[in-house]
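User: I have a structure open and want to go through it. Can we take it piece by piece?

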Amino acid sequence: MKFGVLMAEYRCTVCNYVYSEKEEKKRFSELPDDWRCPVCNAPKSLFVKLTPEKGVKPVSNTVADVFIAQMIEWGVKYVFGIPGTSALGLVDALRKNKDIRYIQVRHEQTAAFMASAYAKLTGHIAACLTVAGPGATNLATGLYDAKLDRAPVLAITGQVERNRIGTGASQEIDQHAFFEPFSVFNMTLISPDQTTNLVTSAIKHALLLGGVAHIDVPRDMQSLECKEKIKPFKDNIPNRSITTDEKHLKRAAEIINTSKKPVIIAGFGSLEAKEQVVRLAEKIDAPIVTTFRGKGVVDENHPLYMGSHGTIGSTAAAELVRDSDLLIVIGSSFSDLTQIPQKRMIQIDIDPMMIARRYPVESGIIGRSAIVIPKILKFVDKKERKDYRKKMSELKSRWLKLLEAEADPISTPIRPQYIISVLNRKLDDDAIITLDVGENGWWFGRNFQMKSTQRVLFSGYLGSMGFGLPAALVAQLEYPERQVACITGDGGFSMVMGDFLTAIKYDLPIKVFLFNNKNLAMIMQEQKVENYPIWQTELQDCDFAGFAENCGGIGIKADDPRELEKVVDEALKFDKPVLVDIDTDPRRFIATD
Ligand code: FE
């Protein structure tokens, strides 16, 4: 092996440590599976590849070519978008460079959702690229999703030529003003010698602040000559292995040591520290409750896992949290849906502004959970709480029986709880599951028992319908070997269904399970609860299976619950995009104990 030519670098998405094959004289792929980040102890699976082995060179010396090469150097693998008049130079630079993939979609909203979902899945950054005007405005919903869920995204838009800005030119809008409310970085490229600085600054802002970085590139700029040198990632971005000092970590451990009934609430920020969260729970013998976004931090059949907390939570989680004398909240932003009550509290979060966001905390620790939890672990006492364990096990089995009772396997239309229970049994242990917003996501959050090797992606704070399909597309692109299941509804799917064609075009064998209840069923439910007449929530039915077939995929109808298991088995076997159109009951039948 010639180490002199090894150039690939890998970024730890937890702390930004860069593994350089050239410096370490060893390929990343040859490191053992249990190798860990030397700085923050993150597993190998949380690393992303930055640069290709042979290094990065612009294809020519235009602004567009240098721009794209700089993105590649900083690890951007995908650009999602639709070609258009004011972005032609950048699109052509993507055509010429083989180290980046351009994915053409049918609506720019899909491009933005894909970039946001990619960031949520990998902790790294992807880009979306559109034409000025309508292409730029169509990105807004997906980019707001990224902003609210703190997902790093690079948004690039074309703009009219510099000498036409302000003249009311075709497709010209004030893009700077448009992007400003939802961007952490928002700049226009006005000079060729700005190119590498602007691209690296944009990515740095998006990664470190967690959000959308936007660059406007006027059409005439894209073909100008650029003599800028590509800037490396390594040494241009800080390491984030920050934690609170030992005195505060010891104080937190003391509080844990004196508590009788502690409960761990694990949010999205704890997903990077799955093993550590479980180790902490086992050492102090405390139950783990997750938020909706924290689902999957621990196998749901782990004896200390008690379900989610909040509106879609379990009765077990609700009771344990109510009776607890200490909440250890890890990486949760206290969404009103999670409904964390005011209690004695320890909070761990990467964002100082999240500490004591809703209630005072006795100990607020700033830092990445993967780094902080092992340090606290050293100071906490090992506990064995027999009565507490007994109570947990009773509460959990009561909750699981209740879910089983709800999953009526014979009613028609098919009960959503039954569909979830079938998917629960059939999906792979390492499936990536993408959700929409509405009854499908609600039932998934409440009734699906996740494994820690599965991942779920959805639109968290924005709660946007239409997220499921784009997220499935990008998950399958990034993980061609893993099963990707999109759980969606007729409402959410029909908002983005044109992009089922994207699955066909790029050979992405996603499996779409469409809960077709012919309604905006969640809104219908709200009309009922709030005593409004049911109105305008029925949806025109559509032959979705036929639609999938007409696109070139596989479409399967499921209206007999007794056939559902067989249909799901069959769907999962295809190596093509599949849509299963499931005749679903729009009503909520909830079992109580
Ligand atoms: Fe690290």
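**Working through the model**

Analyst: Asn 16 sits in the loop between β1 and β2. Keep in mind that this is a predicted model.

User: What is phi of Asn 16 near?

Analyst: Phi of Asn 16 is near 80°, a positive value in a residue other than glycine. Most residues other than glycine have a negative phi.

User: Is Asn 16 buried or exposed?

Analyst: Asn 16 is buried, because its relative accessible area is 6% and the cut-off for buried is under 20%.

User: Which other residue has a positive phi although it is not a glycine?

Analyst: Asp 285, with a phi of about 55°. Asp 285 is in the loop between α10 (274–284) and β11 (288–290). Its relative accessibility is 4%, so Asp 285 counts as buried too.

User: Back to β1 and β2. In what sense do they pair?

Analyst: Strand β1 (residues 9–12) pairs with β2 in the antiparallel sense, over 3 bridges. Within that pairing, Arg 11 has Val 18 in β2 as its bridge partner.

User: What is the strand order of the sheet?

Analyst: The order is β2-β1-β3, in an open sheet of 3 strands with antiparallel pairing. β2 (18–20) and β3 (47–49) are the edge strands, each pairing on one side only. From one strand to the next, the twist averages 25°.

User: Now the metal. Which protein donors does the iron ion have?

Analyst: The donors are the SG atoms of Cys 12, Cys 15, Cys 37 and Cys 40, lying 2.3 Å from the iron ion. Along the chain, the donors follow the spacing C-x2-C-x21-C-x2-C.

User: Why is the arrangement around the iron ion called tetrahedral?

Analyst: Because the 4 donor atoms subtend angles of 103 to 115° around the iron ion, and four donors count as tetrahedral if all angles lie between 85 and 135 degrees. The ideal angle for four tetrahedral donors is 109.5 degrees.

User: Are Cys 37 and Cys 40 buried or exposed?

Analyst: Cys 37 is buried, with a relative accessible area of 3%. Cys 40 counts as buried as well, at 3% relative accessibility.

User: Different topic. Which residues does a cis peptide bond join?

Analyst: Thr 412 and Pro 413, with omega about -10°. Most peptide bonds are trans. Pro 413 lies in the loop between α13 (386–406) and α14 (416–426).

User: Next, α21. Which of its residues are buried?

Analyst: In helix α21 (residues 564–573), the buried residues are Leu 564, Val 567, Val 568, Ala 571 and Leu 572. Seen down the helix axis, they fall within an arc of 130°, so they line one face of α21.

User: And which exposed residues are on the face turned away?

Analyst: Lys 566 and Lys 573 are the exposed residues carried on the face of α21 turned away from its buried side.

User: What covers the buried residues of α21?

Analyst: The cover includes α14, β19 (511–516), β20 (554–558) and β21 (578–583).

User: Let's look at Ala 558. Which strand is it in, and what does it touch?

Analyst: Ala 558 is in strand β20. Leaving out residues up to four places away in sequence, Ala 558 touches Ile 414, Leu 564, Val 567, Val 580, Asp 581, Ile 582 and Asp 583. Ala 558 is buried, with a relative accessible area of 4%.

User: What separates the C-alpha atoms of Ala 558 and Arg 27?

Analyst: They are separated by 48 Å, and the two residues are 531 residues apart along the chain.

Key
Residues numbered from 1 in each chain as written. Predicted model: local features only at pLDDT ≥ 70, side-chain atom pairs only at ≥ 80, totals over all residues. Heavy atoms only, no water. Pairing = 2+ DSSP bridges. Helix = DSSP H or I, 4+ residues; strand = E, 2+ residues; numbered from the N terminus. Axes fitted to C-alpha atoms, helices over the stretch in contact; angles between N-to-C directions. Buried < 20%, exposed > 50% of the residue type's maximum accessible area, 1.4 Å probe, protein only. Arc of directions from axis to C-beta. Contact = heavy atoms within 4.5 Å. Donors = N, O, S within 2.8 Å, 3.2 Å for Na, K, Ca; no water. Tetrahedral: all angles 85-135°; square planar, octahedral: opposite > 155°, others 65-115°.
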